[in-house]
Amino acid sequence: MKELPRRIRTTSKPRNQDEEKFLKSIGRKIHKDLYDLDKPVEWLAWESGVARSTIQRIFDADRNLGLLTLDRIAKGLGYKGVIEFLDTI
């Protein structure tokens, strides 16, 4: 029986300054919303079902984030979804 190839897990990093700037603006917005809500990162992790370490990586803008992850975080912050969140940036 032929063995199936393993999926290689890759992370997407910003390719240029514009992408890096965009990721940083998302991280700053999430951080500001948490500050305005007077809530810690752990609260957002619980509310959104996203690991605390993932949220920290978003703050650091060290890699791209998935759209579904961003949607979960946006909903955890009280937005209807990712589109409403992105409209505020």
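Mentor: The discussion below sets values against definitions, beginning with the overall fold.
This is a predicted model, in which local features need pLDDT of at least 70, side-chain atom pairs count only at pLDDT 80 or more, and totals for chains, interfaces and linings use all residues. Residues are numbered from 1 along each chain as its sequence is written, and side-chain values use heavy atoms, with hydrogens and water left out.

Trainee: Why is Lys 29 called buried?

Mentor: Buried means under 20% relative accessible area, exposed means over 50%, and partly exposed lies in between, with a 1.4 Å probe and protein chains only. Lys 29 has a relative accessible area of 16%, and therefore counts as buried. Lys 29 lies in helix α1, residues 17-37. Leaving aside residues up to four places away in sequence, Lys 29 touches Tyr 79, Phe 85, Thr 88 and Ile 89, where contact means heavy atoms within 4.5 Å.

Trainee: Why is Phe 22 called partly exposed?

Mentor: Phe 22, also in helix α1, has 44% relative accessibility, so it falls between the two cut-offs and counts as partly exposed.

Trainee: What is the class of Arg 63 by accessible area?

Mentor: Arg 63 has a relative accessible area of 29%, and is therefore partly exposed. Arg 63 is found in the loop between α3 (52-60) and α4 (67-76). The C-alpha atoms of Arg 63 and Pro 14 are separated by 6.5 Å, although these residues are 49 residues apart along the chain.

Trainee: What caps the N-terminal end of α1, and which residue follows α1?

Mentor: Asn 16 is the cap, with a side-chain oxygen 3.0 Å from the backbone nitrogen of Asp 18. Asp 38 follows α1 and has a positive phi, near 55°.

Trainee: Which elements do the buried residues of α1 pack against?

Mentor: They pack against α2 (41-48), α3, α4 and α5 (82-87). Among the buried residues of α1 are Leu 23, Ile 26 and Ile 30.

Trainee: What makes the meeting of α2 and α3 a contact?

Mentor: Val 41, Glu 42, Leu 44, Ala 45 and Ser 48 in α2 meet Arg 52, Ile 55 and Phe 59 in α3. By class, this contact has five nonpolar, one polar and two charged residues. Ala, Val, Leu, Ile, Met, Phe, Trp, Tyr, Cys and Pro count as nonpolar, Asp, Glu, Lys and Arg as charged, and the others, Gly among them, as polar.

Trainee: Which residues of α4 are buried, and what covers them?

Mentor: The buried residues of α4 are Thr 69, Leu 70, Asp 71, Ile 73, Ala 74 and Gly 76. Their cover includes α1, α2, α3 and α5.

Note on methods
Helix = DSSP H or I, 4+ residues; strand = E, 2+ residues; numbered from the N terminus. Polar contact = N/O pair within 3.5 Å; in protein donor to acceptor, adjacent residues only side chain to side chain.
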